[in-house]
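Colleague: I would like to go through this structure with you. Could we begin with the helix packing?

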Amino acid sequence: MNAAPRDFRSEELLADVIARLIGDVRHVAVGNASPIPATAALLARERGHGRPYVSLLGSPKNTFWTDGARELFDCAGQGRIDVFFLSGGQIDGHGNVNLVSTGDYAYPKVRFPGSFGSAYLYYVVPKVILFRTEHSRRTLVPKVDFISAPGTNAPNVFRPGGPIALITNRCLFGFAQGRFTLDSVHPGHTVDEVIEHTGFEFERTAAVPQTPPPSPETLKLMREVVAPQLAEVYPQFAAQVFGITLPLSAGTASG
Amino acid sequence: MSGPIKSLDEALACIADGAMLVVPREVSGVPMAATRALIRRGVKRLHLVALPTSSLQADLLIGAGCIDTLETSAVSLGEFGPAPRFSAAVISGTIKMKDATCPALHAALQASEKGVPFMPLRGLIGSDVLKHRDDWKVIDSPFGNDDPIVLLPAIKPDVALIHAPMADAQGNVWIGRQRELATMAHAATRTVVTVDKIHDGNLLGDPLLAAGTLPGFYVESIAIANRGAWPLGLPDHYGVDAEHLALYARMAATAEGFAEYLDRYVYERRAA
């Protein structure tokens with residue numbers, strides 16, 4: 001399939017899709033080193049005229065926590081965080097994520113940093129959006145080698161939260177009843193390509209729609225209003241994607 | 001010198017080989033000058049608890065052979081890439097890894113803070129993190145009806161080692177909003193602090209400063225280490241030395257490069 005000439009970047013498309021997934025909620029928290037989810041959360045806040053409240057971890061200016069690092073988790077445990085983002089070295093068709101290692105746990109082939117807060121936040125945050133730009137059989141596997149956090153639990157396990165979607169550089173999957181469904185394919189990509197590069201089975205309808213491209217209004221909002229806010233936290237990303245450069249003093253906040 | 005303020009090596013003397021040492025996450029005030037001093041001293045067999053994650057500090061201690069057991073939720077150099085000595089040590093099996101998840105470590109230290117034997121925590125059930133932790137248990141909540149919940153035994157470190165912007169002559173330490181440093185100090189048997197500078201006056205005497213102060217009651221010893229978090233940052237004070245961390249990531253990618261890094265930046269004392 002030949003893509004039409006596009007007037008947006010793939011980062012802008014992904015941020016627009018994620019902003020829609022966020023929906024109308026009270027509080028979105030974004031983990032460290034997540035510029036695209038951060039763009040989406042700030043876009044959702046602009047569209048909602050200040051709602052949701054956005055916390056960008058790793059940015060003291062964009063987090064309100066004053067009771068130590070545990071406050072994030074205590075907040076989430078009480079249901080005060082509605083949306084969070086997780087990624088994984090491996091993600092499987094049951095929504096299990098692996099942030100630990102490949103191969104046998106005792107004798108790993110590749111070691112990733114570790115599970116961070118996933119083995120807790122995946123359970124208690126109502127909408128967890130899985131985000132993995134590299135869409136390949138290496139990352140989207142039939143079965144993860146280590147379950148940092150499971151996609152689902154037995155009914156008696158306390159679990160108000162879990163995955164609602166997985167977004168990649170090729171497509172958007174929805175998640176329900178322990179299975180992924182191919183919801184839409186991004187412009188310039190095809191269903192066959194998604195099947196070829198996905199290691200797990202997923203549901204799909206006969207005609208899978210294309211992911212709608214960001215509207216001119218959305219692009220204007222992202223580039224003119226969101227990008228300068230983003231530049232304070234992710235200066236390199238904002239410069240690369242949006243061509244925004246802040247005065248040096250503003251872009252080098254400590255923390 | 002009398003009182004809690006000592007030289008760096010004197011302050012670190014209570015960290016014995018084989019000690020359980022708790023250190024803060026990479027953005028909270030990491031005592032890097034003290035870490036280099038411990039490596040120079042040749043500390044061995046530490047059980048390092050990184051609350052709840054670590055970056056350069058854990059990687060350096062692992063690479064220098066100081067760690068027997070590592071208990072944490074993640075080790076990474078963040079935007080500078082994976083932590084190379086950590087990955088190599090886990091793959092070759094030279095350290096014992098106790099994988100955790102961030103709130104579990106916070107909760108287990110809070111148990112010690114309260115003097116109770118365990119804390120319950122949601123999540124974890126069905127995770128391989130739980131499966132590989134023989135010391136964590138699942139019970140049916142005594143207050144619920146078929147409600148399984150995980151219990152975490154208290155973590156009681158021998159020593160908490162932290163870096164903070166300032167302390168006073170009475171041993172009070174200003175930690176600001178980095179409240180997990182207080183949890184660590186409350187939980188540990190002893191607390192050793194390095195600070196950028198000594199504050200003239202009593203931190204507890206000023207209500208604005210007192211709210212962000214760790215009382216000297218909890219503090220065993222303090223050493224002055226100006227910019228002691230370098231090359232990491234000190235929140236609200238100074239940022240990371242990105243150039244140096246990029247250099248570290250490059251050098252530590254191989255065992256030889258890491259040895260050269262130690263020679264150049266750890267064994268050779270950095271000019272003040």
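Modeller: First, a term: a crossing is left-handed if the near helix is turned anticlockwise from the far one by less than a right angle, and right-handed if clockwise. This is a predicted model, in which local features need pLDDT of at least 70 and side-chain atom pairs pLDDT 80 or more, while totals for chains, interfaces and linings use all residues. Residues are numbered from 1 along each chain as its sequence is written, with chains lettered from A and ligands numbered from 1 in the order written.

Colleague: In which hand does H3(B) pass H4(B)?

Modeller: The crossing of H3(B) with H4(B) is left-handed; helices here are DSSP runs (H or I, at least four residues) and strands are E runs of at least two, numbered from the N terminus.

Colleague: At what angle do H3(B) and H4(B) pack?

Modeller: The angle is about 50°, and the axes are 7 Å apart. Axes are lines fitted to C-alpha atoms, for helices over the stretch in contact, and angles run from 0 to 180 degrees between N-to-C directions. H3(B) is therefore oblique to H4(B), since angles under 35 degrees count as roughly parallel, over 145 as roughly antiparallel, 65 to 115 as roughly perpendicular and the rest as oblique.

Colleague: Which residues of H3(B) make the contact?

Modeller: H3(B) contributes Ala58(B), Asp59(B), Ile62(B) and Gly63(B), against Pro84(B), Arg85(B), Phe86(B) and Ala89(B) of H4(B). Contact means C-beta atoms, placed from the backbone, within 7 Å.

Colleague: Changing topic, how many residues of chain B are in contact with chain A?

Modeller: 44 residues of chain B meet 37 residues of chain A. Elements supplying at least two residues each on the chain B side include H4 (84–92) and H5 (102–114).

How values were computed: Contact = placed C-beta atoms within 7 Å.
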